[in-house]
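The report takes helix packing, then a sheet, then the domains.

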Amino acid sequence: MIQRLLIYSFFLTFGGVIWGQTHFGPPSLQEKIAEHNLSKTCHSGSNPGLIGTGRDAFSKVEPPQWFTPGADRMSNIVVSYSQGFPEEARAALEYALDIWGQILNSEITIWVNANWGTLNTGVLAQAGPETLHSNFPGATSANKYFPGALANALSVSDLSPGEPDLNITFGGEINWYFGLDGNTPGGKYDFVTVALHEVSHGLGFIGSATHNGNSGFTGVSGTPLIYDVFVETSDGTSILSFNSGTVDLGEALESDALFWNGAEGWANSTIGRPRLYAPPNWNGGSSFSHLRENTYPSGTENSLMTPFLGTAEAIHSPGPVTEGMFKDMGWSMDLISENCEILSAVSGLQLPCNPETSTYTQQVVITYENNPTIGVIVVNGTTHTIGSSPQTVTLVNQPADGLPVDVEVYFTSQPDCIMTFPAAYTAIDPCCLDLRILEVNPVTKTITINNMGNCDDGLDGFSLFSDFSEVDLVSLVTPGYVFIAGETLEVVWSDWDPTFLYTNEGELSLVNPVNQVIDYVQWGSPNHAAELNAVANNIWENHDFIAGEPPFIYIGTGGFGVAEWSFVPYECNVIEASAGATSECDLNSGLYTQEINLTLLDPPASGEITLNGQGFLLDGDNTSSLSGAAILATLTLEDLVSDGLTVDLNVTFVADDACGAVFSEVFSAPEICFCLNDANFDGSINVGDILLVLAEFSCSAGCTADVTGDGNVNVSDLLSILAEFGQSCI
Ligand SMILES: [Zn+2]
């Protein structure tokens, strides 16, 4: 691999030595390198390039439209700062690198050495590529030198690993303005501008031509730079067709008529071929490798790469000409497509009008081709991430005025890729209703609504929602109904089937055309279907509900929540009684116990309840919540006499005579189990029982004296009585 690189690429590292300019004769290779270095061609000692004019220009060129501050760079650029490089200067340099970084595409990291030093008087900064490469894989032109960063990008490999790709030195004694806003005050030089200019040189805006006062020279040890390839005279003669070291070339270089003939640079120019700086007296470091000052004066969009910079002059854009020149030299900006075209913009989904703002949401489906992928797509002034065609963009808060809408679409990175589609869709009609629920009665299924707004409108899009049932309000009124401002409307939702468990339990949402819950009320129990939605819209508190019966009437003055509603208080009520477990008849006492389940509503706070004369205290051990205000009480009646009979239940509250109930035949007592031998039920087992057995002896049906229960009156009954003879049964 290394060998291959050695074969294909010859790379040259420029040293730090600044050589004086040769006067006559062809400069040596070393001198050419030195000349190249000092100018790079900008800004060096004897022949300064970007000259600080010291005159306030009070001009400003804004960053390119494709530039988004803080957005990702298309290429990774890493700066190594020298000691003493001020923090604010670093921020300004990084900002300049962001600008190039957002358009130049390289997969190979660009390494920048940034130095803070002392330069000759009037020199703002100097810069140039650190390495040059030729004939590497990916080179777009044979036998030409490419600056390191461009060569790496083209070959998709680092051709000089460990080496910086460009060097920049900024003058430490310049009266700099480090702000990023381009509002450069009088007397100060805009650092971002100078950084952007120097970085441009380092990335490739640099030619090889030199002049010794007599003859002109091109090439570095005989090899031209890629920049040179595109330079021509006014009659279209390539500068490389002149022999290096000739007076003819020298004259061409001082002709004030050198042009760039690259197709991209030319295409981006509004005045024909871009014109280079080639003054009649060779200006080393400035001539050849800049745009012509008088053609691109201060404040114009292509003025960055001219050789002079004023104070109070900010140029934060490379300008289309320089961008095109970079493309000509091989820099990939192919993310910006020349053939970009926006083909159509048609209406997609149109959402209903939001009455709060009389606005709506409109989707527009845009088709385009050859689109750039950096920057954003702008649709009627709103910015959207660039997707893939056909792309649906959503325009929110569009004014609902019922009028046709033109759609203008363009890409920020390529503002000339723009198209306007007249009357692409029609806006929705205006809307204005401001509705509130005034009264709800789930028993009569009536709902009263107030138009609190100040205009009249139809009810289109409004709906009522209750535990997964929904109804459009328009279906509850006569066709064409217009809700007059300030009036109230009572509707009957006859299909509504609100829940009744032990009490009325449910919810009602009023939903506007854009599916927002705009009013809400919940009663009887929490956790109904739309509760969370209402909570999210700040019109109800979590788990709040009206603990009472309808009608529910809004008594607030505009606020929301359970406290704003009146209702009929629950009344104490014994809703239901049922039998729980029944114990066996106790053989020793003849008694049993009976568990009773009571469904109670709003019992008195004292909790004292009486069941068939037995008193209980309701508490957490014997009650549980059912739903809403209903509770289940489980109480056990003790010492009941087993007599096989059905039992009614009489429930009363000590603190509320009016709240009570009698339930018939709630449970049945077990059959009697005690003193079965007291055949004649006279309270003791005695001779009377024996006499009854004898009287019914041999009875086999309906026999009173069959104390053993075997169906017959016989000797076993006698023996049973004798076994308990004399026992009292009371
Ligand atoms: Zn320059």
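In which sense, left-handed or right-handed, does α3 cross α5? The crossing of α3 past α5 is right-handed. This is a predicted model.

**Helix pairs**

Helix α3 spans residues 87-101 and helix α5 spans residues 191-203. They pack at an angle of about 50 degrees, and their axes lie 8 Å apart. From α3, the contact takes in A89, A92, L93, Y95, A96, L97, I99 and W100. From α5, the contributors are F191, V192, A195, L196, V199 and L203. By class, this contact has 14 nonpolar residues, no polar and no charged.

D689, I690 and V693 of α10 make the contact with D717, L718 and I721 of α11. Four of these contact residues are nonpolar, two are charged and none is polar.

The two packing geometries are set out here.

| Helix pair | Packing angle | Axis separation |
|---|---|---|
| α3 and α5 | about 50 degrees | 8 Å |

Strands of a sheet pair through backbone hydrogen bonds, in either a parallel or an antiparallel sense. In this model, three strands form an open sheet in the order β16-β17-β20, and the pairing is antiparallel. Which strands stand at the edges? They are β16 (341-350) and β20 (391-399). Each has a single partner strand, so one side of each is left without a neighbour in the sheet. Neighbouring strands are turned by 30 degrees against each other on average, direction ignored.

Strand β17 covers residues 359-369. β17 pairs with β20 over seven bridges, in the antiparallel sense. I366 has Q391 of β20 as its bridge partner.

**Domains**

How is the chain divided? The assignment gives domain 1 (2-6 + 39-328), domain 2 (341-426), domain 3 (435-568), domain 4 (573-668) and domain 5 (675-730). Taken over C-alpha atoms, the centres of domain 4 and domain 5 are separated by 37 Å.

Technical notes: Residues numbered from 1 in each chain as written. Predicted model: local features only at pLDDT ≥ 70, side-chain atom pairs only at ≥ 80, totals over all residues. Contact = placed C-beta atoms within 7 Å. Helix = DSSP H or I, 4+ residues; strand = E, 2+ residues; numbered from the N terminus. Nonpolar A, V, L, I, M, F, W, Y, C, P; charged D, E, K, R; others polar. Pairing = 2+ DSSP bridges. Axes fitted to C-alpha atoms, helices over the stretch in contact; angles between N-to-C directions. Left-handed = near helix turned anticlockwise from the far one by under 90°. Domains from an automatic or database assignment.
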